[in-house]
Amino acid sequence: MLFTVASAHLLAMEAHEGQVDEHGRDYYLYRLLPLAESAVPYGVLAEMAAVLHRVIEDTRDHPDVTRRYDVDRLRALDVPEEVVQAIDAVTRRPGERYLGGVIQRSAADRLGRLVALLDNKRELDQTLVLARTDPDRARSLREGRYLPARRILLKAEAADGHRILA
């Protein structure tokens with residue numbers, strides 16, 4: 001069976017069912033769908049990777065084992081290999097460092113890097129909202145986490161002969 005963009009969205013909706021964002025809103029609608037929409041100009045694989053980018057990380061400890069996903073399960077569902085690799089690249093491992101771990105791995109994968117950059121843009125935008133209520137925390141996140149991550153990702157993108165970004 002052919003795995004499509006619609007299949008990816010359906011899988012994301014099912015895998016994240018009942019999950020909410022930091023504001024108590026539906027996770028798929030308010031976190032994954034906007035990221036997927038921002039990936040549309042980069043093609044169907046980018047949209048798939050964006051909407052599914054948290055499926056492993058967010059389901060690995062689900063109490064219902066039938067709701068857990070890993071790379072093998074994604075492959076069994078015929079998720080395109082490039083998408084599986086991108087998801088794996090952006091999936092934070094338990095206990096893993098952010099900049100020296102998941103960001104470095106994301107930077108090394110062409111599609112994973114794109115998803116990480118799109119997600120990073122969202123996070124940077126969120127620090128602007130946070131700055132209204134907690135400017136110190138917003139500054140700490142922006143300067144200690146998200147801007148350094150963006151530099152790593154953009155440096156890798158600039159060095160890649162097969163860049164996604166123009």
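Arginine 113 and aspartate 160 form a salt bridge in this predicted model, with their closest N and O atoms 2.6 Å apart. Arginine 113 lies in helix 8 and aspartate 160 in the segment after helix 9 (135-159), so the pair ties together parts that are 47 residues apart in sequence. Arginine 113 is buried, with a relative accessible area of 2%. Aspartate 160 is also buried, at 19%, because the cut-off for buried is under 20%.

**Other salt bridges**

- The count of salt bridges comes to 16.
- One of them joins aspartate 119 to arginine 31, with 2.9 Å between the closest N and O atoms.
- This pair links distant parts of the chain: aspartate 119 sits in helix 8, arginine 31 in helix 2 (residues 27-39), and 88 residues separate them.
- Both aspartate 119 and arginine 31 are buried.
- Aspartate 119 and arginine 31 also belong to a network of salt bridges, together with Glu22, Arg122 and Glu123.
- Another salt bridge brings together the side chains of glutamate 82 and arginine 110, at 3.9 Å from N to O.
- Glutamate 82 is in helix 6 and arginine 110 in helix 8, so this pair ties together parts 28 residues apart in sequence.
- Glutamate 82 is partly exposed, at 35% relative accessibility.
- Arginine 110 is partly exposed too, with a relative accessible area of 35%.

**A buried aspartate without a salt bridge**

- Aspartate 109 lies in the loop between helix 7 and helix 8 (110-130).
- Aspartate 109 is buried yet has no salt bridge.
- Which side chain of opposite charge is nearest to aspartate 109? It is arginine 113, 7.4 Å away.
- The side chain of aspartate 109 does reach the backbone nitrogen of glycine 112, at 2.6 Å.
- Aspartate 109 also touches Gln85, Ala86 and Ala89, leaving aside residues up to four places away in sequence.

- Threonine 91 is in the loop between helix 6 (81-90) and helix 7 (98-108).
- Is threonine 91 buried or exposed? It is buried, with a relative accessible area of 2%.
- Leaving aside residues up to four places away in sequence, threonine 91 touches His53, Ile56, Glu57, Arg60, Glu96, Val102 and Arg105.
- Aspartate 78 is in the loop between helix 5 (71-76) and helix 6.
- Aspartate 78 is partly exposed, with a relative accessible area of 40%.
- The phi of aspartate 78 is near 65 degrees, a positive value in a residue other than glycine.
- Most residues other than glycine have a negative phi.

Conventions. Residues numbered from 1 in each chain as written. Predicted model: local features only at pLDDT ≥ 70, side-chain atom pairs only at ≥ 80, totals over all residues. Heavy atoms only, no water. Helix = DSSP H or I, 4+ residues; strand = E, 2+ residues; numbered from the N terminus. Buried < 20%, exposed > 50% of the residue type's maximum accessible area, 1.4 Å probe, protein only. Contact = heavy atoms within 4.5 Å. Lys, Arg positive; Asp, Glu negative; His and termini not counted. Salt bridge = Lys/Arg side-chain N within 4 Å of Asp/Glu carboxyl O. Polar contact = N/O pair within 3.5 Å; in protein donor to acceptor, adjacent residues only side chain to side chain.
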